[in-house]
Amino acid sequence: MTHPLFPTRRLAVCGLLASALPAGAQPTRRRLPDTETTQAAGLSAWLTEPTRRYAHAVLGDAIEAGGFAVELGGRPFHLTLPEEAVFEDRRVRLEDIDGDGRPEAIIVKSYLRRGSALAAYRIGDDGITPLAESEAIGTAHRWLNPVGVADFTGEGRPLVAAVITPHIAGSLRLYRLQGSALTEVARLDGVTNHVIGSRDLDLARITDIDGDGRPEIVIPSQDRMALTAVSFTGGRGRVVARAAVPGPIVRLEPMSGNHAVMQLQDRSIAEVELRRQ
């Protein structure tokens, strides 16, 4: 749908439809009901175009996003997916993964027949263009949940961390931008960063638990009965700290160093100190 008073410039790119409205025009596409608005480097971004064409409901309902919007310097840009896919997410992550000093958009893209992939888009002065994707999981109704972006290996390059099928395999993987692909470079299985049906995407945190300048990923074990700290320094994933808790973890508060505060399934609060072994 376009604004009746403002002509829209439209550009078809790789099966996608990207559009930009003139300065001063207001975006007309409906927001996803529970989308977050993210901001970075003068950009604002959110998910749009609610659709029921992918009945998975991993986030608690059957409504997913058919596109997303970015506002840059007061100018709104939109990208709309083809019918074969949706954005199965609540936010557009704005992170620089190609080293150009400008953030890219990173979103969970789910194909109706092939399941989820990580998708990255470049945001420029003329609009939104596809940058790279990981391989889709390969089966419908199989999802992944991003953790975040950091130099996890200590090699000086940003990597995207995500948990593949957090309710099944619980495979924590790192992806590097290589050409037009997000390529897996390391993994560690047996963890999770989501409770099925929950809107909370943040059951993992990136933090430096020992102050050595290298980030760890603090994340529950697959059964959510322990909190672990995973290091990928040197390119190999390993658990470097672990603390058992008396019930399944359902919420992890933002970290302060090695101090973690969690809500458990029985609504009690647990606190632990994670120290590298």
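Q: In which loop is Phe152 found?
A: In this predicted model, Phe152 is found in the loop between strand E12 (144-150) and strand E13 (159-164).

Q: Is Phe152 buried or exposed?
A: A residue is called buried when its relative accessible area is under 20%. Phe152 has a relative accessibility of 1%, so it counts as buried.

Q: Which residues is Phe152 in contact with, leaving aside its neighbours within four places in sequence?
A: Contacts are read from heavy atoms within 4.5 Å. With those neighbours set aside, Phe152 is in contact with Leu159, Ala161, Leu174, Ile206, Pro215, Ile217, Phe232 and Thr233. One of these, Ile217, lies 65 residues away along the chain, and its C-alpha atom is 8.5 Å from that of Phe152.

Q: Ile217 belongs to which strand pairing, and what does Ile217 stand opposite?
A: The general idea is that strands of a sheet pair through backbone hydrogen bonds, in either a parallel or an antiparallel sense. Here strand E17 (residues 216-220) pairs with E18 in the antiparallel sense, over four bridges. Ile217 stands opposite Val230 in E18.

Q: How many residues lie between the strands in the hairpin of E17 and E18, and which residue there takes a positive phi?
A: Five residues lie between the two strands. Arg224 is the residue with a positive phi, near 60 degrees.

Q: What joins E18 to strand E19?
A: Six bridges join E18 to strand E19 (residues 238-244), and the two run antiparallel. Within this pairing, Ser231 stands opposite Arg238 in E19. E18 and E19 also form a hairpin, with six residues between them. In that turn Gly234 has a positive phi of about 85 degrees.

Q: Why is strand E18 described as largely enclosed by the rest of the structure?
A: The way to read this is to go along the strand residue by residue. Six of the six residues of E18 (residues 226-231) are buried, so the strand is largely enclosed by the rest of the structure. The two faces can then be taken in turn. Ala226, Thr228 and Val230 are buried on one side, and Leu227, Ala229 and Ser231 are buried on the other. Both faces of E18 are therefore covered.

Q: In what order do the strands of the open sheet with E20, E21 and E22 come?
A: Three strands form this open sheet, in the order E20-E21-E22, with antiparallel pairing. The edge strands are E20 (249-252) and E22 (269-273), each of which pairs on one side only. From one strand to the next the twist averages 35 degrees. Strand E21 (residues 259-264) is joined to E22 by five bridges, and Ala260 stands opposite Val272 in E22.

Q: How many aromatic pairs does a search of the whole structure find?
A: The search finds three. One of them is Phe68 with Phe87, an edge-to-face pair with 5.7 Å from centre to centre and 75 degrees between the planes. Phe68 lies in strand E5 (residues 64-72) and Phe87 in strand E7 (residues 85-87), so this pair ties together parts that are 19 residues apart in sequence. Phe68 and Phe87 are both buried.

Q: Why is the pair of Phe87 and Tyr121 edge-to-face?
A: The angle between the ring planes decides, with over 60 degrees counting as edge-to-face. The planes of Phe87 and Tyr121 stand at 85 degrees, with the ring centres 6.0 Å apart, so the pair is edge-to-face. Phe87 lies in E7 and Tyr121 in strand E10 (residues 115-124), so the pair ties together parts that are 34 residues apart in sequence. The relative accessible area is 0% for Phe87 and 2% for Tyr121. Phe68, Phe87 and Tyr121 form one aromatic cluster.

Q: How many helices and strands has the chain?
A: The chain has zero helices and 22 strands. Of its 277 residues, 53% are buried. Among contacts with a separation of 6 or more, 48% are between residues 24 or more positions apart. The chain exposes about 12,000 Å², and carbon and sulfur atoms supply 47% of that area.

How values were computed:
Residues are numbered from 1 along each chain as its sequence is written. This is a predicted model: local features need pLDDT of at least 70, side-chain atom pairs count only at pLDDT 80 or more; totals for chains, interfaces and linings use all residues. Side-chain values use heavy atoms; hydrogens and water are left out. Buried means under 20% relative accessible area, exposed over 50%, partly exposed in between (1.4 Å probe, protein chains only). Two strands pair if DSSP finds at least two bridges between them. Axes are lines fitted to C-alpha atoms, for helices over the stretch in contact, and angles run from 0 to 180 degrees between N-to-C directions. Rings of Phe, Tyr and Trp (its six-membered ring) pair if their centres lie within 6.5 Å; planes under 30 degrees apart count as stacked, over 60 as edge-to-face and the rest as tilted. Accessible areas come from the Shrake-Rupley method with a 1.4 Å probe; for residues, only the protein chains shown count as cover.
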